[in-house]
Amino acid sequence: MVGGTRGIGLAVAELLAAEGASVVLNGRDADTTEQAAERVSGLGIPGSPADPAVADALIEACVQAHGRIDILVNCAGTAEPAGSSILNVTSAQFRELLDAHLLTAFETCRAAAPHMVRQGCGAIVNTSSFAFLGDYGGTGYPAGKGGVNGLTLAIAAELREHGVRANVVCPGARTRLSEGAEYERHIAELNRRGLLDDVSAQGALDAAPPRYVAPTYGYLVSDLAKEVTGRIFIAAGGFIGEFTRPETGFIGYRDHKDTPPYAIEDVQRLIGG
């Protein structure tokens, strides 16, 4: 359970423990990790799993303690700096955001996948966000979450034949990242600029507690979802939805064997006309 010491991650860890799972959880802060582990009667491994050594140690601790790893849930994340945009974000800030979201998911999946393949089963759930659409502003946060989506779909396709499933949840819940005066001003500003409509803005400001999204994670890692893989779900309060797989739309076609390349004006007529 990566990012399992507070917020959504802790709510998922508590639900899985209540369902009988043996939980190994991770957080960056050692004291917070120890406290959360005590709450779920589990094992806590602190550190940033964006570091390959920490990711390896986390997965190995689970295998050593329980003989196997059946479930990997990634809930780690950090907020974009206040006012961050492509106009002012630094390279260091951008890399830090990618580490927290995409690299953490990659390193833990990389470490866990071989164990699951040898077992012939396993369930991975990575956490993304509505923000991957770009509507919530920022740079590294939406880029990292979009990367998590692509990574998870690739893992699902590659490991399906080995009995390993991988899905994504885009949660909406009130956590330390989605409350406070600064967050409220951010949402209001996005609404004023037309990036968020009134319904989306109100939903962002009136999110349910994390325990409302935990059951979707619980379902996806259970045997009840043994045929569900390669999908991107939404869990926000009482709402459950799905981002459907993009489909190719027809714009134009000409056979390259018989015709020259399009002129720029041809492309304009097809796309812009």
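This is a predicted model: local features need pLDDT of at least 70, side-chain atom pairs count only at pLDDT 80 or more; totals for chains, interfaces and linings use all residues.
Biologist: Thanks! How many helices and strands does the protein have?

Modeller: Both are DSSP runs numbered from the N terminus: helices are H or I with at least four residues, strands are E with at least two. Counted that way, the protein has nine helices and seven strands.

Biologist: What is its radius of gyration?

Modeller: That value is taken over C-alpha atoms, and the globule rule is 2.2 Å times the number of residues to the power 0.38. The rule gives 19 Å for 273 residues, and the protein comes close to it, so it is as compact as a globular protein of that length, with a radius of gyration of 20 Å.

Biologist: What share of the residues is buried?

Modeller: Buried means under 20% relative accessible area, with a 1.4 Å probe and protein chains only. Among the 273 residues, the buried share is 42%.

Biologist: Which elements do the buried residues of helix 3 pack against?

Modeller: Helix 3 covers residues 52-66, and its buried residues include V54, L58 and C62. Contact means heavy atoms within 4.5 Å. The packing partners are strand 1 (24-27), strand 2 (43-46), strand 3 (71-74) and helix 4 (91-119).

Biologist: Lastly, what share of the contacts with a separation of 6 or more joins residues 24 or more positions apart?

Modeller: Such pairs of residues in the protein account for 66%.

Definitions and conventions:
Residues are numbered from 1 along each chain as its sequence is written. Side-chain values use heavy atoms; hydrogens and water are left out. Buried means under 20% relative accessible area, exposed over 50%, partly exposed in between (1.4 Å probe, protein chains only). The expected span of a helix is 1.5 Å times one less than its number of residues.
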